[in-house]
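Colleague: Could you take me through one part of this model in detail? I would like to look at the interface.

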2 protein chains.
Amino acid sequence: MLVGDRIRLSDVARAAGVSLATASKALNGSGRMTAETRERVRQAAEAMGFRPNAMARALSSQRSFTVGLLTNDGYGRFSMPVMAGVAEALVDQGVSVFMCGIEDDAALGRLHVEAMLDKQVDGIICSGKRIDRRLPVDLSDLPVPVVYVFTDAPEGAVSLVSDDAQGAREAAEWLAGLGRRRLAHVTGPASFASARERARVFREVTGPDSTVLHGAWSEAWGHEAVARLWDGSAPPPDGLFCGNDQIARGAVDALRERGVAVPGDVSVVGFDNWEIVAAATRPPLTSIDMNLKDLGREAGRLMLALSEGRAVEPGVRRQPCRLVVRQSCGGGSAR
Amino acid sequence: MLVGDRIRLSDVARAAGVSLATASKALNGSGRMTAETRERVRQAAEAMGFRPNAMARALSSQRSFTVGLLTNDGYGRFSMPVMAGVAEALVDQGVSVFMCGIEDDAALGRLHVEAMLDKQVDGIICSGKRIDRRLPVDLSDLPVPVVYVFTDAPEGAVSLVSDDAQGAREAAEWLAGLGRRRLAHVTGPASFASARERARVFREVTGPDSTVLHGAWSEAWGHEAVARLWDGSAPPPDGLFCGNDQIARGAVDALRERGVAVPGDVSVVGFDNWEIVAAATRPPLTSIDMNLKDLGREAGRLMLALSEGRAVEPGVRRQPCRLVVRQSCGGGSAR
């Protein structure tokens with residue numbers, strides 16, 4: 001092997017004091033930069049023995065400045081903010097993110113992963129619509145690094161999910177901090193790990209006997225749950241923590257129609273902070289935001305490290321959620 | 001130039017009776033197919049004088065079996081269904097669709113278009129979030145074909161939009177067909193070409209003096225418009241055509257709170273058929289669906305034709321919308 005082969009483009013970039021993308025473009029004769037910058041990179045490459053053939057390899061296969069984002073979220077609810085975050089983390093490095101949708105179809109998945117590899121992406125970010133299901137593709141033996149975001153990941157992979165436990169704790173403690181004492185949690189199906197985890201933490205905060213109702217992730221379920229809670233013999237709750245914003249919206253509508261004041265009589269917190277729902281609810285919903293864009297941003301940073309050959313600890317990283325306060329809770333606009 | 005250079009991969013595919021993707025993979029030694037098919041393609045290539053170097057060119061630059069989808073719709077409301085349609089049209093040809101988001105930033109747009117060209121996509125589909133605005137990139141001199149979907153396109157381009165006039169006509173005529181005589185149109189800002197066009201056709205159907213109210217694309221505007229229409233001195237409408245489903249939802253909620261029955265007293269039609277809103281409205285909304293997935297599918301077909309060198313007529317293609325009947329209108333479940 002020639003000496004020049006061991007010199008990496010990143011070494012040249014560092015020596016010339018420019019980003020990898022700029023170094024690549026300078027040597028490639030493409031991109032926008034001053035003639036001076038281009039010359040500086042060229043001189044650094046020459047001085048370090050970074051040879052044209054090694055350079056060609058660097059440009060054509062070592063780094064392609066493209067990252068693939070694979071998703072089975074056909075609606076875009078989760079994958080669009082993740083993509084925005086990934087793109088934000090990588091754009092300064094001159095890296096483009098290409099998203100490719102697979103439905104829950106293994107053959108389709110293989111086709112698209114092969115296409116990404118043909119295009120010599122620097123890595124693949126794999127993203128889903130729930131954290132306890134895997135995409136129907138095996139990414140374990142790829143020649144490029146893989147980062148998993150908001151999806152189940154195989155043992156030993158680098159993965160990122162939002163911290164359901166911490167998010168649920170924020171919500172329950174916020175309601176308790178407002179002086180609410182009869183709290184209930186109305187959430188989605190217990191078949192979702194996120195629903196189970198949030199319910200577990202809710203009971204940790206509010207007591208083992210507090211009310212948890214599982215149903216669909218829908219407005220209709222929010223309506224129905226309010227009917228059950230308010231038509232029963234027990235005193236109705238004075239605080240509701242809902243598993244998503246649609247359930248919360250249904251609950252708030254149902255309460256208004258019963259003449260129960262929100263936030264006067266009952267404080268309500270949703271989950272997801274889905275603007276289109278949370279902001280249109282009357283009153284607008286306090287909600288837990290999973291910070292999906294931050295998740296994407298961190299995934300982009302990890303991918304960058306991996307594609308530059310830096311070491312990244314494997315395992316599941318849980319990123320914090322944040323409480324977004326609107327009027328449905330009362331009791332202060334921030335903390 | 002050698003004779004073999006003039007033989008195209010599509011000629012070989014046709015002679016062997018296989019798709020382009022299969023022909024490519026057969027000659028490339030990749031992909032899944034029977035040994036017999038692979039041999040048939042090879043023999044066809046040999047018989048026609050399709051030479052390895054021409055083949056290599058075909059594989060490496062003539063067709064890459066990837067199409068880029070450029071969008072500035074960061075929410076995914078419009079671009080996700082378009083992408084699903086494009087993918088559906090192309091997957092049988094072994095073509096993958098890679099979506100890349102640009103915000104309204106020309107430098108970012110250039111970077112990502114360059115990345116797509118570096119990856120030798122067979123073509124670029126350019127998609128937006130409204131039909132009267134252009135993405136901040138100039139795609140007029142690219143070495144690959146471009147198809148525009150749901151965005152403004154330059155003169156002479158191949159473009160697809162949904163037919164606002166036909167959609168608005170369907171809505172207004174449906175309401176009239178139910179016997180509604182006092183129709184009003186509550187829609188978005190007049191700065192949107194779609195809002196103006198739908199309003200124009202609404203008046204064509206209902207008369208030049210019929211009520212058209214412009215406001216925001218929001219539930220809050222639906223509430224406010226109902227207050228204006230019902231608190232005025234004129235007799236209130238018995239049919240509402242709303243410019244999107246959010247306005248319609250706000251209007252339906254406001255009517256319920258006034259004790260006005262939907263569809264008993266007033267029939268309501270929305271626009272967009274955005275499931276998450278239309279299906280959750282009480283009663284669920286009849287709405288105009290822009291068939292964005294069909295738009296994507298047609299864009300995929302046009303792209304395929306262009307990338308295979310077939311002739312495609314330039315100009316704007318308007319694809320029909322369709323009325324989706326739910327309970328907010330009354331008077332029949334389909335037609």
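How much area do chain B and chain A bury between them, and what percentage of it is on carbon and sulfur atoms?

Modeller: Happy to! This is a predicted model, where local features need pLDDT of at least 70, side-chain atom pairs count only at pLDDT 80 or more, and totals for chains, interfaces and linings use all residues. Residues are numbered from 1 along each chain as its sequence is written, chains are lettered from A and ligands numbered from 1 in the order in which they are written, and side-chain values use heavy atoms, with hydrogens and water left out.

The two chains, B and A, bury about 3300 Å² between them, with 55% of that on carbon and sulfur atoms; buried area is the accessible area (1.4 Å probe) that two parts lose on being put together, summed over both. On the chain B side, the residues losing the most area to chain A are M80(B), F98(B) and K119(B), which together give 21% of what that side buries. Counting contacts (heavy atoms within 4.5 Å), 40 residues of chain B touch 39 residues of chain A.

Eight salt bridges run between chain B and chain A, each a side-chain nitrogen of Lys or Arg within 4 Å of a carboxyl oxygen of Asp or Glu. One of them pairs E257(A) with R256(B), at 3.5 Å from N to O. Among the elements giving two or more residues to the chain B side are α5 (79-90), β2 (96-101) and α10 (245-257), while α6(B) provides the largest share, seven residues. Helices (H or I, at least four residues) and strands (E, at least two) are DSSP runs, numbered from the N terminus.
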